[in-house]
Amino acid sequence: QNRRRTFENASLSSTLLLVLQHRQNFPVFFSSYNYPSSFIIFPNPKYNSAKPFSLIFSINRICSFSMADEAKAKGNAAFYSGDYTTAIKHFSDAIALAPTNHVLFSNRSAAYASLQKYDDALNDAKKTVELKPDWSKGYSRLGAAHLGLTQYKDAIVAYKKGLDFDPNNEALKSGLADAESAAAASSSRSRAAPQSPNPFADSFAGPEMWAKLTADPSTRPYLLQPDFVKMMQEIQKNPNNLNLYLKDQRVMQALGALLNVKFRAPNGGEDMDIPETDGESPPPPPPEKKPTSANAPVEERSREPEPMDVSEEEREAKEKKAQALKEKELGNAAYKKKDFETAIAHYTKAIELYDEDISFITNRAAVYLEMGKYEECIKDCDKAVERGRELRSDYKMVARALTRKGSALVKMAKTSKDYEPAIETFQKALTEHRNPDTLKKLNEAEKAKKDLEQQEYFDPKLADESREKGNEYFKEQKYPDAIKHYTEAIKRNPKDHRAFSNRAACYTKLGAMPEGLKDAEKCIELDPAFAKGYTRKGAIQFFMKEYEKALETYQEGLKHDPQNQELLDGIRRCVDQMNKASRGDISPEELKERQAKAMHDPEVQNILSDPVMRQVLQDIQENPNAAQEHMKNPMVMNKIQKLVNAGIIQVR
């Protein structure tokens, strides 16, 4: 009794059409496979009975790109929160949806590198470069992965190639410097290595050594002792130096931590002079009391542990650092109390005592910024950046100094050009560390620069002159030249609605309807009572064959000027066109075009996806009596009229 025909296009960009047609008063129904669907009613030219409708269900394929963007956003959020494993998962999901997006592979490479999975990071970096060979960041990812794998020559090649595409990229420059210094250090170590390698050499190689010493509670306090750090650095440069320091129990303890072996010192660790750390840690366990024999020598039982030999210079450096930290804390306390002069005095004293911590300099710069001494702030920030690069300080500290310099430059800016060095400084800070606060300051500086440029360029008199020149060119039908002068008038006076209206007319003449529509809407926004703005907008919508929207625009204009003949003529033209569509007096090609445009209208989509309206349309097709009852409902009637005006429904 039912006949079903299914047409499907295999192309991913096409839609699946399910066509249902009437045959001998037996309607055909077809489910939409639980996909989100909407349907359109087309006239059936081959159908001549009293049943005038055919239903065509249109099932749109779900676009994967929006889902990929959502997964990418989740990955970015996880990355910035430090959850690199979750970030990798989201980036992988996004790649599965958009496998040709080079940015996704770049982001996942960064996440792998953060987890020190440099092999995976290298694979993704290579894919990034393959998909986008002219993108400089891809080579930055490639160089970082090679550097993590200690492939210094390959890292240098990658960074240099990236600089060929973007010579001013700070991240590539910094990475190249790191790779070259690492290669030089590796070369010097290989030259200094003896013929028979030290069996413990691998334990002291790379940054993993410092990570293990920091993680082990028994060796962590030693890292605050300059003499111990110096010894470990010497051993790291040349592992054979280990023999020179084996008598030091701290070195033995560190070696045990690196090898996961517990060494027991001859004195049970009682002769170790360990300074207190900043964090709270449990006190060391008391030494075991071993029973002593009655005839043991008294001097053996009461012997005090011998103090460690520390040079005078090292002891003095240690004391100065401790004093500098105290001065910093005093400066912080004074800053919180708004006692800026006292804070500067303490930070200056800390800098004089210990110049290997740039936080003292950046803190003083922050005080100068609060005091309005912007020149002094900028000098301190430049000094902090220079010293930070010498000391290989944390990128976050360098970025902080650059951000404060940018803030000072913004405070000093008086013209739009004054914002340019501030914007450049913020951009440099973001290459060091992508901080949300810095990004916000950059956006604010760019907006302030743009606003100030408009204020500096504002001149109503020159704007009127440019608009008059545009009018002359318009009369001569030289529309591109007219647009040029109207644009200049808008720059000189962005509040002049007439320039927007005139430029909209030029765009209409050139067939640039979207640009003309945008200008017409701006004209109405600036002066809602200006009738010409509505005629411009309505004419453009009419030419775009959006007759219902054009009708609404003309009607809105009549509220402000009821006797305007252009608006009245526009309404008449729109009504004529809509009546033609409802009577079927238009060509099949034009009908198809109108229906395609209507399907992009959100209001039409909502009507067609409404279950109630779907039932109403089905009743219209099957039961005319029920259809008459539905038409008594004003809301239903308005929606039906909307579909008729859009060409979706045609009644003969």
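How are helices α15 and α17 oriented relative to each other, roughly parallel or roughly antiparallel? Keep that question in mind while you get your bearings in the model.

**Before you select anything**

The model is predicted, so local features need pLDDT of at least 70 and side-chain atom pairs count only at pLDDT 80 or more, while totals for chains, interfaces and linings use all residues. Residues are numbered from 1 along each chain as its sequence is written, and side-chain values use heavy atoms, with hydrogens and water left out.

**The whole chain**

Show the chain as a cartoon, where the secondary structure comes to 31 helices and four strands; helices (H or I, at least four residues) and strands (E, at least two) are DSSP runs, numbered from the N terminus. Of the 652 residues in the chain, 39% are buried, where buried means under 20% relative accessible area, exposed means over 50%, and partly exposed lies in between (1.4 Å probe, protein chains only). Among contacts between residues at least 6 apart in sequence, 54% join residues at least 24 apart, a contact being heavy atoms within 4.5 Å.

**First stop: helices α15 and α17**

Select residues 359-371 for α15 and residues 395-412 for α17, whose axes come within 10 Å and cross at roughly 20 degrees. Axes are lines fitted to C-alpha atoms, for helices over the stretch in contact, and angles run from 0 to 180 degrees between N-to-C directions. Here is the reply to the opening question: α15 and α17 are therefore roughly parallel to each other, given that angles under 35 degrees count as roughly parallel, over 145 as roughly antiparallel, 65 to 115 as roughly perpendicular and the rest as oblique. To see where they touch, show the side chains of Ser359, Thr362, Asn363, Ala366 and Leu369 in α15, which meet Met397, Ala401, Arg404, Ser407, Ala408 and Lys411 in α17. By class, this contact of α15 with α17 has five nonpolar, four polar and two charged residues; Ala, Val, Leu, Ile, Met, Phe, Trp, Tyr, Cys and Pro count as nonpolar, Asp, Glu, Lys and Arg as charged, and the others, Gly among them, as polar.

Stay in α15 and pick Arg364, which is placed in that helix and, at 11% relative accessibility, counts as buried. Not counting residues up to four places away in sequence, Arg364 touches Ile344, Tyr347, Thr348, Ile351 and Asp380.

**Second stop: helices α20 and α21**

Now select residues 460-475 for α20 and residues 479-492 for α21, which pack at an angle of about 165 degrees with their axes 8 Å apart. That angle makes α20 roughly antiparallel to α21. Among the residues of α20 that take part in the contact are Leu462, Tyr473 and Phe474, and those of α21 include Tyr479, His485 and Arg492. The residues of the contact of α20 with α21 divide into nine nonpolar, four polar and five charged.

Select residues 601-640, a span that is 88% helix and 0% strand, with its end C-alpha atoms 15 Å apart. Then find Val636 in helix α31 (residues 634-645), where Val636 is buried, with a relative accessible area of 9%. Leaving aside its neighbours within four places in sequence, Val636 is in contact with Met613, Val616 and His630.
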